[in-house]
Amino acid sequence: MFMDMEPFIYKNNTRYCEDVALADIAAEFGTPCYVYSKAFLSARSRAYLEALAGHKHLVCYSVKAASNINLLKILGELGLGCDIVSGGELFRAKLAGIPGEKIVYSGVGKTAAEIRQALEYKILFFNVESAAELHLINQVAAEMAVVAPVAIRVNPDVDPLTHPYISTGLKENKFGIPIDEAERIYLTANAKLKNIKFVGVDSHIGSQLTNLTPFRDAALRLRVLIEKLSAQGVELKYVDLGGGLGIKYDSESVPEVQQLADIFFDVFSGLDLTIVLEPGRSLVGNSAVMLTKVLYLKQSLEKNFAIVDAGMNDLLRPSLYGAFQKIDKVCLLANGSSAIPQLNYDIVGPICESGDFLAKARALPQLVQGDLLAVGSAGAYGFSMSSNYNSRARAVELLVDGSAVTVIRERETYEDLVKGENLGC
Ligand code: LLP
């Protein structure tokens, strides 16, 4: 039921976020801007919590998808924890009031300082990605005279059937410890490393998965490992199945959260485990649009270019992955857009790179200078992957709650661009 929630609808030929017209937002706060719907975030969070109800669970939002501390706070108040991958994300989670016991720490390259910070905050567990990392965690924990809770992130060698850049669970990927080696590492480390305690097992096989079979295959492999370890005296409490559930960017059909949860209930039935999930995109992806304005129209012999005021520094996914994100005109003509001829546009940004585009050959009702466009599904890996390339100040982030609009991150200024650069040469 929550899948159908759509906060960005047209009323009287103009697009809204909840009860606020996007054109009014652009007029007041300028473009480019990210506009998030609080109602959508809440609905998606509840979808996860309700799907897992009846089983011991913890939903740890994957902070990298959209890291604004206001978003983390909203999700935290609904009962979610966080999946972090850096000391910076830990800092954000703390500011947002997420307690340590609801934080899991993933990532292949944790430093000693980051491990220490996480131990000080008493996180739930580390998802360890190599034997060398296990040793470092043990060493840091020994220095602090504590015992570090850990899970091993296993690489189950399952093809997630998604874009190669966002596949992580194949044996050629850098992530996790091959599942065949994991058992030996659990057993030897359990006997030798006195400052770690194994509490779980983890796997995350990739992102934007629209087929549930790889989730089942990975979970089945984890179950085998959990049972083998249990038979040898290593009892685990948590099974962390990562994130990865896909969302609708265009017309793809995507599974419901409940279908995913049911697979895990089925695979782990009879075992006394807490199920941990690390969703990112499926919580926040469709919670936001990015608004951008048409600066110029330009025609070449072969193409119509719409040059807009958002570039690859603001939204990298189309350039980096060739990702498709819907683009719509915010204001349609009173008689409906279908009355206007459609043209194919390359929607390009102001950055000095040919790879700077938001869409290629996209059919849109004929555009005019000044038109406002909404780039859809911009909530996940949108603002969080934005940069200052070409010395462009990053966009403002806004949260809509009914008819209220709150600035949750101010537009950066030129001063912000040079912060920390001192003319000391
Ligand atoms: N857990 C771990 C360990 C991860 O590496 C990720 C995402 C997640 C959870 C959350 O996955 P999600 O539920 O969002 O699929 N920038 C790419 C996506 C990179 C995903 C990285 N890891 C994109 O824009 O498509």
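Lys122 is found in the loop that runs between helix H5 (112-120) and strand S8 (125-128). The model is a predicted one. In it, Lys122 has a phi near 55°, a positive value in a residue other than glycine. Most residues other than glycine have a negative phi. Lys122 is also exposed, because its relative accessible area of 65% is over the 50% cut-off.

Asn12 sits in the loop between strand S1 (10-11) and strand S2 (14-17). Asn12 is exposed too, with a relative accessible area of 75%.

Another backbone feature follows. Most peptide bonds are trans. The bond from Thr31 to Pro32 is cis, with omega near -5°. Pro32 belongs to the loop between helix H1 (22-29) and strand S4 (33-37).

Now turn to the ligand. There are 19 residues around the ligand, and Ser207, Glu278, Arg317, Tyr321 and Tyr381 come nearest. By class, this shell holds five nonpolar, eight polar and six charged residues. Two domains contribute: domain 1 (2-36 + 285-418) and domain 2 (106-279) each supply at least three residues of the shell.

Some contacts can be followed atom by atom. In the side chain of Ser207, an N or O atom is 2.3 Å from an oxygen atom of the ligand. For the side chain of Lys64, the distance from an N or O atom to a ligand oxygen is 3.5 Å. Arg281 takes part through its backbone, where an N or O atom lies 2.8 Å from an oxygen atom of the ligand. Taken alone, the ligand exposes 580 Å², and the protein buries 92% of that.

Methods. Residues are numbered from 1 along each chain as its sequence is written. This is a predicted model: local features need pLDDT of at least 70, side-chain atom pairs count only at pLDDT 80 or more; totals for chains, interfaces and linings use all residues. Side-chain values use heavy atoms; hydrogens and water are left out. A residue is near a molecule or strand if one of its heavy atoms lies within 4 Å of it. A polar contact is a pair of N or O atoms within 3.5 Å; within protein, one must be able to donate a hydrogen and the other to accept it, and residues adjacent in sequence count only if both atoms are side-chain atoms. Accessible areas come from the Shrake-Rupley method with a 1.4 Å probe; for residues, only the protein chains shown count as cover. Ala, Val, Leu, Ile, Met, Phe, Trp, Tyr, Cys and Pro count as nonpolar, Asp, Glu, Lys and Arg as charged, and the others, Gly among them, as polar. Domain bounds come from an automatic or database domain assignment. Helices (H or I, at least four residues) and strands (E, at least two) are DSSP runs, numbered from the N terminus. Buried means under 20% relative accessible area, exposed over 50%, partly exposed in between (1.4 Å probe, protein chains only).
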